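Please read the following note beside the sequence and the model. The points take up the contact between the chains and then the aromatic rings.

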Amino acid sequence: MEDLAMAAAIGTLFGMGVFQMLRRDLVKAAMGFALLFNAVNLFILSTGAYRGASAPYTTNLADGKATSDPLVQALILTAIVVSFGSYALLLAMVNLVSRRFNRIDSDEVKELIN
Amino acid sequence: MDLALIQTIPFVLAFLYAIPPLRAALPLPVRTWVATAIMAILVVALLGYYPYIEAAALSQGSVVRVIEWVPQLSLSLTFYLDGLSLLFGLVITGIGAGITLYTGYYFADDPQEGDRFMMWLLAFAGAMLGVVLAGNLITMFILWELTSITSFMLIGFKGGKYADARFGALQAFLLTSVGALALIVGIVMFGSVAGSLTNGGGFVFELDTLLNLDAAAIAKHELYALIVVLVALGAFTKSAQFPFHFWLPGAMSAPTPASAYLHSATMVKAGVYLLARLYPPLHLSDLWVSLLVSVGVLTMLIGAVFALTKRDLKGLLAYSTVSALGSMVALIGLPNYEGMKAAMVTIMAHALYKAALFLSVGTIEHNTGSRNVDELGGLRQYMPRLTGVVAVSVLSMAGLFPFFGFVAKETLLDGFLKWKDPNGTLVLAVIAVAATLTVAAGLMVFWDVFIKPAPRAIHYHDAPVWLDATPILLAVGSFAFSVAVGFGVIFQPFLQTIVPKTFELKLLPPDGFANTAFQISTAALLLGAAAFALRHAWLPALAQLERLPVSGSALFKAFVAGLDKIGDVALRLQSGQIRYYLIVIFIAASLMIWGYGAVENPLSFFGFALKDPPTFETWVRTFMLVLACAAAFFSIIQKNHLFAALTLGVTGYSIGVIFLLEPAPDVAVVQFLVETLTTILIILILGRISQKQREDASNRLWKGYLQKRTGFPIGVLRDVAIAGMVGTAVFFFTLAAMTTRTTTTEVVDCAQGFVPAAIQIPIENDETGSIVIPRSLSIAAYHLCNTKNQLGVTDVVGAIVADYRAMDTLLEIVVFAVAALGVLTMLSRGLSITNPLAPRQNRVAILQEEWDKKELAEIKDATDLATPFTKLVARIVLALGFLVAASHIVTGGDAPGDGFTAGAFLGLAVSLWYVVYGYREALNRLRILRPYYLLMAGLALGTLNALLPLLWGQNMLSFVNYGAWIGVDGLLKEVGLKFTTTLVFEVSIFLTVFGGFMLVTETIAHPKAADMEDSPLKA
């Protein structure tokens, strides 16, 4: 049941991210990437092999408690920060386009270039 | 000198010439002489091998130098030196030294161009040396291609100014590349045939094995004919054989030193080298003989004929080079051993006289500004030294006694005379005609340019004296070599290099005029002289050949144009709009998943997915997921960007709660912090984009791209369909990922003993025959069980980030730092209208003006929210931030939080300052905290920390307890600290992440970054 809800949410977020990425409004398109990042992070989380109820500390393990999967968490941890970097880069690009073309509509910018 | 060292030196020289401060270390004449001297040292070094090769020549002795790389895969760098490679090596380094000297003075007027030219020339010398020294066919091929690339750069050296230089370079490059494609296929086939003959399988590319193969067995192999044709194609294109010969005259747009070196003395002989090199294993068939002799002789004739049609001296010499190359190829094709001997002598003689002639033409052009026979004349009064050089070289080319060319021509005729073949007489006749024409062409170069009075006044200016040094040396060589032969020096190892047979080399035929070869060559000389004397009668008629309706170059042009046409069709699919690329990628990717689903029946996953009954936590989690999706949905339909950004933030926080429920405290903290920063970031960016632009974009949000035509938002519907398709695919993909593994809620049993799971995974077949991989053996269990005893910390996530997967983390912080610098670059420099990537300069410049006038006025500093209260908060938060960061790093090993959270927290605190104080004041007040320094310190510390374990004899990124090494481990333990690689790495992560966040906020917070004169971003 939980898996199903998780998968549905990941699919929905991913699909919405894709929809946003295809917008002609570049700010919205950039937001689409943010949605994708979140969906992917959730996906990584969902592939964890351990579903314990306590945080992954060796002390918890020593107490005989089942822990959550530390590996996927480590992967997500770095991914979040790098996503921020890429998102900032994207937004800077949007800003650049806005300055240079006085527009943030990709179709209009395209017409200006051609 | 070690062969590997000899091979490396030209490349090192080229590298030194490539770097301005390095080459500027020596003044121009000095660095020319130093480079010349080094090349000369290489000649001496190679000559050092001569006695050994000579002593071992009869047993086909060779020097093999192996530098092992991956011995398990029998991958190694091998050098192979025998008589053949030694001969070529000496030509390459010897002529190379001369050309280096010549180049230095040739470009004396334009040292910058000269240095650039020298760099490519020396790089070529290294590549060419590599071709002949390589002990492995694959290595040889790589360097073979490198000679093509350097040749391309040299032919197109003046491509910035002249279109024909670009065309000539491209033509030469494409033709030789096509040949090289054939060659590599041939090499691989040959390697596999050799493998089957020696090892019973696999590939053999090592020369010392290949050369000792049984030629008869190879000739019987079914792939033999194909191999010979493919290898010959490679050699023919490289050595400008008919019908690929036309690239060589086209390559004459190269500066003359390159023409002399590459397109006469060395590179074009690479094909000849290849054929001679593979002669022992491949020569035993009629195919070899007929292919090489027919193509070679035909090339010889065509080259000799077309040389006479050229009025451009370089073109003339180029065609005569084509002719000479044809003779070498034909000689290697001969089934008697005299052919090989003659080929070697021809190579030596040709390198000497042709390089001298090319360099003389270079000097003529340098001094008079012309190289057209019709414009020149009477140069002997201006350049007495060169007159001698050209006289000697032309006579050597014509084959007159006592020059070395004479010896070459005698051995050549001798080789063909000894060839007992029904077509032998015809071939001999063609060769005689070619020789006659060559004599006439040679005389034309000498007489019409130096002796005959000039048709009109020549603007002559003198060149540096040293420009004559190399041609004179080469001309002396043309004479000295035959003197040496006269005294009985016969260059034994060169002659019998490929075939184990002792040869004789005589200056004059012992039987004098009774010798048929001598008769033919004398007849050719006399006829050639006569033809030259009567040239005005027949030359104009011959010149008509120039206007042939079909020429190789024209065919090539048509072919390339045809390729372009095909390219145009492909280009039409490339709309240039990222949206369509994305659509294709998304549809293709989801179709792949759908395809998999069709095989695997996606519905079966539901059974697994539903097997857990919902608990309270499930409902909370589901609620957060629904909230995340709903917020995302609102951010999509929301027209106002600001609200959309805020609702997007809700999605991020909801996901943070999911992380918290996992439980994944570290991740949750970072998610909350970064989400906050992201929201601030987008608000700041929105502040930099004018209201009007945003409104315009929002108003068109639901107007589809095709609406203009159809009046219907078809684009939106299409995107909904694509998003739905991708979303469902991802849904099933996730379900499959989650349910095809055994997820456990059990406590990890550390007693099992964990080896990295990836290695241990057993693969079993279940009853249905499909493969089952039990995934419960996740490496996470290994991490959980070993973190404490290996690293002494309790936070497993932190341990993975900072130690087990430290390489990943190191790379990720580098990526993050680069992204932050990218933001800075784009927003400071990228805005500049001088950016070369800016499309349609004029149009954009107008837009820029428009912007400067109207839009800039509208933008307000969105970040100025200063009130006493907010200032107080900002100060407290920053102070608190440092405390939190410090505690996160120090206690990160045992509690939630680590370098990432510390960096993100401080980044957040700093961004608050920018919001509260406004850009300028925040910058002033935080002057000590410069993001560049933070980034640099973080990356340097991370790299250093990664390398330090090497001191302890461990691998990079291994765990080291610095505290124990200094001897303060016990002391630190008292206060609950551990000074280890993990801790240092956390600090470096913190510094980089903090610096990156700060750089991004600082750049973006700047409202008019590019417009402020004193902007630090302009620095």
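**Note on the interface and the aromatic rings**

1. The contact, meaning heavy atoms within 4.5 Å, takes in 95 residues of chain A and 136 residues of chain B. The model is predicted: local features need pLDDT of at least 70 and side-chain atom pairs count only at pLDDT 80 or more, while totals for chains, interfaces and linings use all residues. Residues are numbered from 1 along each chain as its sequence is written, chains are lettered from A in the order in which they are written, and side-chain values use heavy atoms, with hydrogens and water left out.

2. The size of an interface is often given as the accessible area lost when the parts come together. Here chains A and B bury about 10300 Å² between them, 71% of it on carbon and sulfur atoms; the value is the accessible area (1.4 Å probe) lost on being put together, summed over both parts.

3. One salt bridge is counted between chain A and chain B, a salt bridge being a side-chain nitrogen of Lys or Arg within 4 Å of a carboxyl oxygen of Asp or Glu. A:Arg23 and B:Asp719 form a salt bridge, with their closest N and O atoms 2.3 Å apart. On the side of chain A that touches chain B, α4(A) supplies the largest share, 28 residues. Helices are DSSP runs (H or I, at least four residues), numbered from the N terminus.

4. Over all chains, 34 aromatic pairs are found. Rings of Phe, Tyr and Trp (its six-membered ring) pair if their centres lie within 6.5 Å; planes under 30 degrees apart count as stacked, over 60 as edge-to-face and the rest as tilted. A:Phe43 and B:Phe733 are stacked, at 5.5 Å centre to centre and 25 degrees between the planes. This pair crosses between chains, from helix α2 of chain A to helix α34 of chain B.

5. Why is the pair of B:Phe404 and B:Phe481 tilted? The ring centres are 5.2 Å apart and the planes stand at 55 degrees, so the pair counts as tilted. B:Phe404 lies in helix α20 and B:Phe481 in helix α22 of chain B, so the pair ties together parts that are 77 residues apart in sequence. B:Phe404 is buried, with a relative accessible area of 0%, whereas B:Phe481 is partly exposed, at 26%. Buried means under 20%, exposed over 50% and partly exposed in between (1.4 Å probe, protein chains only).

6. B:Tyr102, B:Tyr106, B:Phe107, B:Phe117 and B:Phe157 form one aromatic cluster. B:Arg116 lies over the face of B:Phe157, 4.2 Å from the ring centre.

How values were computed: Helix = DSSP H or I, 4+ residues; strand = E, 2+ residues; numbered from the N terminus. Lys NZ or Arg CZ within 6 Å of the ring centre and 35° of its normal. Buried area = accessible area lost by both parts, 1.4 Å probe.
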